Amino acid sequence: MTLPPVLLAHGFASSFEYNWRLPGFADLLEDAGRTVIPFDFPGHGTAPKSHDPDDYGDLAGALATALPSEGEVDAVGFSMGAMALLRLASRSPERFRKIVVAGVGENVFRDQDPESVAAAIESGAAPDGEVGTQLFVHFSEVPGNDPKALAACMRRMRDAMTADDVGRITCPVLVVLGDKDFAGPADPLIDALPNGKLVMLRNTEHFATPKSFGFWDAALDFLDASV
C-alpha cells in the first residue's frame, strides 16, 4: 500500500526548517519512505511577512494551499499549526487520512485576547513574571523572524473552534500533550473528536514538545512511519 504524503504545520514564530527539518523529524519521515510537504505560514520562514493583521485572518486557508490537487494526506501540526490543521480538517475532512496534533488541548476552544502578547512581541519586552510571553518575545527575535509581522499574525490568533467544528473531523487524530503544557487539559478536545487518541508526555512543557522523542515516537508510529 502506498501511503500518502505528510503535511507538516509548524508553530508560531517558527518555520518548516526550524520546527521540522533541523530537529530531524522531517528526515525520519523521509527515511521511512514518506514524502514530506513543507509549508511556512504567512509571516514565518520563507513566506511573505506582512505587517497588516488582515493578511493573517485565515491561517487554515493558507495551509490549504499546500495540499495536493487531489487525494488524501497525513498531517502533523504543532501549536498554531495544530490549530490551523484542525480548522482545515473540519472544513475538508475528506482530505485527511490521519492527523497528529501536538501542543493543543482545551485551548482550541478558548477565545483569548492576544493583544498583550502581540504588543510585547512588537515592543521586544514582556512584563516581569510572564514567562510564556517572554518566550514568545525571545522566539520572535530569532534571526530571520520579523517581530512586527509576528505581532500582526498574533493579533488574528483568536479563532476559537467549537465542539461541533471538531466533531466534523472524521479521520483518526492523535493528540500529543505535555503534562506541563498551558494548552491543556486535553480532555475537552479528545471528547469532541469522533476518533481521537491521547498521548501524554511526562514532565514536558509546551515549547519542549516539538523536540520530544516521546512526541516523535508516538507520531511516527501513528502515521505508520516507524523505521
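**Close-up views of a predicted model**

View 1. Helices (H or I, at least four residues) and strands (E, at least two) are DSSP runs, numbered from the N terminus. A note on the source: this is a predicted model, in which local features need pLDDT of at least 70 and side-chain atom pairs count only at pLDDT 80 or more, while totals for chains, interfaces and linings use all residues. Residues are numbered from 1 along each chain as its sequence is written, and side-chain values use heavy atoms, with hydrogens and water left out.

**View 2. The rest of helix α7.** Helix α7 covers residues 147-154, and six of its eight residues are buried. Here buried means under 20% relative accessible area, exposed over 50%, and partly exposed in between (1.4 Å probe, protein chains only). The buried ones are A149, L150, A151, A152, C153 and M154. They pack against α3 (59-64), α4, α5 (115-123) and α6 (131-140); contact means heavy atoms within 4.5 Å.

**View 3. The sheet, strand by strand.** Follow the order β2-β1-β3-β4-β5-β6 and you have walked across an open sheet of six strands with parallel pairing. β2 (36-37) and β6 (196-201) each have a single partner strand, so at these edges one side is left without a neighbour in the sheet. Two strands pair if DSSP finds at least two bridges between them. Strands β4 (residues 96-102) and β5 (residues 173-178) are joined by four bridges, with I99 opposite V173.

**View 4. Strand β3 and its neighbours.** Six of the six residues of β3 are buried. V73, A75 and G77 point one way, while D74, V76 and F78 point the other way. On the β1 side there are four parallel bridges, and V6 stands opposite D74. On the β4 side there are six, and G77 sits opposite V101. From β3 the chain goes through α4 to β4, making a right-handed β-α-β crossover (with the strands pointing away from the viewer, the path from the first strand over the helix to the second runs clockwise).

**View 5. D74 up close.** D74 belongs to strand β3, and with 0% relative accessibility it counts as buried. A polar atom of the D74 side chain is 3.1 Å from the backbone nitrogen of K98. Leaving aside residues up to four places away in sequence, D74 touches P4, P5, V6, L7, R34, R97, K98 and L223.

**View 6. The nonpolar cores.** A nonpolar core is a set of buried Ala, Val, Leu, Ile, Met, Phe, Trp, Tyr and Cys residues joined through side-chain atoms within 4.5 Å. The largest one has 50 residues, and F12, L63, F96, I99, V101 and I121 touch the most other members. Helix α4 gives the most to this core, with seven residues. Another core, of 23 residues, lies apart from it and includes A26, F215, A219 and L220.

Methods
Polar contact = N/O pair within 3.5 Å; in protein donor to acceptor, adjacent residues only side chain to side chain.
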